[in-house]
Amino acid sequence: MLRNLLLQVARDRCHQVSQEYAIKTRDLSEQPRGLREFAEHVEIVRKIRTDARHLEGQAAQVLEMYDLMDYY
C-alpha cells in the first residue's frame, strides 16, 4: 500500500516537473526577432535562472521517491 501511494506521488511529481522543464525549454528555444522580443527573452532567461534551483530540487525529490520505491 505504501509503495502504491509512493508510486502515485512520484508519477504525479514526475509529470509536473517534466511539464515545467518542457515549458522552460520551449521558452529558451524561441528566437527573438526584434529589440522588444530580445528584451522579453532576456527577462525569461533571468526568471528561468532564478527558478533553476527550485526545479532541480523538485527533480531531486522525484529521484529520491523512486529510490525509496527500489528500497521497498
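Biologist: How do helix α1 and helix α2 run relative to each other, roughly parallel or roughly antiparallel?

Modeller: Bear in mind that this is a predicted model. Helix α1 covers residues 2-29 and helix α2 covers residues 35-71, and their axes lie 9 Å apart at an angle of about 160 degrees. Because angles over 145 degrees count as roughly antiparallel, the arrangement of α1 to α2 is roughly antiparallel.

Biologist: How many residues of the contact of α1 with α2 are nonpolar?

Modeller: The two helices make a left-handed crossing. Of the residues in their contact, nine are charged and four are polar, while the nonpolar ones number 18.

Biologist: Which helix gives the most to the nonpolar patch on the surface?

Modeller: The patch is formed by Leu-2, Leu-5, Val-9, Leu-68, Tyr-71 and Tyr-72, which together have about 670 Å² of accessible area. Both α1 and α2 supply at least two of its residues, and Leu-68, for one, is placed in helix α2. With three residues, the helix that gives the most is α1.

Biologist: How far apart in sequence are the parts that the pair Asp-51 and Lys-24 ties together?

Modeller: Side chains of opposite charge can pair when their charged atoms come close. Four salt bridges are found in the whole structure, and in one the side chains of Lys-24 and Asp-51 meet at 3.5 Å, N to O. Since Lys-24 lies in helix α1 and Asp-51 in helix α2, this pair ties together parts whose separation in sequence is 27 residues.

Key: Residues are numbered from 1 along each chain as its sequence is written. This is a predicted model: local features need pLDDT of at least 70, side-chain atom pairs count only at pLDDT 80 or more; totals for chains, interfaces and linings use all residues. Side-chain values use heavy atoms; hydrogens and water are left out. Axes are lines fitted to C-alpha atoms, for helices over the stretch in contact, and angles run from 0 to 180 degrees between N-to-C directions. Helices (H or I, at least four residues) and strands (E, at least two) are DSSP runs, numbered from the N terminus. Angles under 35 degrees count as roughly parallel, over 145 as roughly antiparallel, 65 to 115 as roughly perpendicular and the rest as oblique. A crossing is left-handed if the near helix is turned anticlockwise from the far one by less than a right angle, and right-handed if clockwise. Ala, Val, Leu, Ile, Met, Phe, Trp, Tyr, Cys and Pro count as nonpolar, Asp, Glu, Lys and Arg as charged, and the others, Gly among them, as polar. Patches are made of residues with over 30% relative accessible area and no salt bridge: like charges are joined within 9 Å, nonpolar side chains (Val, Leu, Ile, Met, Phe, Trp, Tyr) within 5 Å. Accessible areas come from the Shrake-Rupley method with a 1.4 Å probe; for residues, only the protein chains shown count as cover.
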